Amino acid sequence: MNEHDEHPLHLDGNALAGPLGEVFLVDPTTAWRRCPSCLRPSTLAELHVYGPEPGLTARCPGCAAVALRVVTQPGHLWLQLGGGAGAFRFSRPRIMP
Amino acid sequence: MRGWRRARLTGRTKQTATGRTLVFEVPRWPGHRPGQHVDVRLTAADGYQAVRSYSLAAPADGERVELGVQAAPGGEVSPYLADDLPVGAEVEVTGPLGGWFVWTPQEAGPLLLLAGGSGIVPLMAMVRARLASPSDEPCTLLHSVRSPDDVWYAAELDAAAAARHVRVRHLWTRAAPEGAARPVGRLTGADLRDLPPPADCRCFVCGPTGFVEHAGDLLLAAGYAPGRIRTERFG
C-alpha cells in the first residue's frame, strides 16, 4: 500500500482495515459477502474503494453497486452498509497510548 | 478496536529517486504477518491530522518496523515522510492491519508474487519470510518496473535470487539494461510461462490499480484459480 493522495483509480478494501478497525473487533477485510445486485461473491478486501474524500465508498467489483461507505470525522465515524440503508454513527475513541 | 502507538524513526534508506524504506521503533509492537500494513497518523501544530496506509516491508522483528514509502508528487504526507521527517522524530501508527492480503511461511505450496513498482514492498516481507524459513518451497517474484533505476531492494533481491528456491525476474517496462533478452514492455501472458503450476500455488499481486487488474486477468487466463489469487491496489 502507499499513499492515497492523488489517485485517478480506485483502491480496494484492504485500505478499509484501518478505518473500520476502529469499530470492529475482528479484522473486517476477510469478511465475505454476496452482492445483492449481481450475486458476485467477494471479501471486503476485494471491494473497489473510491475516496478518500469526502469518504471512502466501497463498491462491488462486478457491478459497482455500493457495498458500504465510511466517513471519518474528528469525533465520529459514520458507516453505511449497502446503498440506501442510512448510516450508523459511531463515537470514536479518544487518542489512546 | 485499536489504539495508536508512538513510533520513532530510527533509520531511512533511499531505494529509488522517490522510494524510501523507513525503520521505526514501536514500543510494545505486537508483531505482524507478511503482507500486512499500518496506518500512519501525522498531527500538525494546529491539530490537523492526516492518515495514510503503508505496507510493512519485513517480517516481524520485535519492536522494529520497516515501512516502504513512495513519495507521491504533490502529496500531502508521503514526500514529508520520505525526506523531511527527521530521524529521532515520532509519528503515530496503528496496526498491524489487514488479514486478507497476508501469507505465512507455515503455508505449504509454491508462492508466486507479482509486483508493480513500489508494490514490491509487502511482497518483500513475504520473500524475506520465505528466505528465513527452513522450507524450500519455490518462491517466484516477477517485478514489473520501469527501469533499473526504479528497482527497490536491488542488492538484496540479487542475493535472494542466488537461493536455490527463490527466483527473481525483473520485467522492464520502459528501459532495460544492456543485453536483456525480454523486450521492454508491460507484463504479458508470455511472462507467466514456466511458473509454478496453478494447482497448489498461492499468488499475491500488489501494485498500481491498472497493474493489479491486468496481472489478475493474466493469472486467471493462465489457469490460476480466483480463490488462490490475492490482490492489493494502491491507486
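## Basis of the model

This is a predicted model, in which local features need pLDDT of at least 70 and side-chain atom pairs count only at pLDDT 80 or more, while totals for chains, interfaces and linings use all residues. Residues are numbered from 1 along each chain as its sequence is written, chains are lettered from A and ligands numbered from 1 in the order in which they are written, and side-chain values use heavy atoms, with hydrogens and water left out.

## The nonpolar cores

A nonpolar core is a set of buried Ala, Val, Leu, Ile, Met, Phe, Trp, Tyr and Cys residues joined through side-chain atoms within 4.5 Å, where buried means under 20% relative accessible area with a 1.4 Å probe, protein chains only. The largest such core has 25 residues, of which L113(B), I120(B), L123(B), M126(B) and F204(B) touch the most other members.

A second, separate core of 23 residues includes F24(B), L56(B), V77(B) and A89(B).

## Aromatic pairs

Rings of Phe, Tyr and Trp (its six-membered ring) pair if their centres lie within 6.5 Å; planes under 30 degrees apart count as stacked, over 60 as edge-to-face and the rest as tilted. By this rule there are two aromatic pairs over all chains. F101(B) and F204(B), both buried, are edge-to-face, because their ring centres are 5.4 Å apart and their planes stand at 85 degrees. W152(B) and Y153(B) make a tilted pair, with 6.2 Å from centre to centre and 45 degrees between the planes.

## A buried threonine

T16(B) counts as buried, at 6% relative accessibility, and its side chain reaches the backbone nitrogen of G19(B) at 2.8 Å.

Methods. Buried < 20%, exposed > 50% of the residue type's maximum accessible area, 1.4 Å probe, protein only. Polar contact = N/O pair within 3.5 Å; in protein donor to acceptor, adjacent residues only side chain to side chain.
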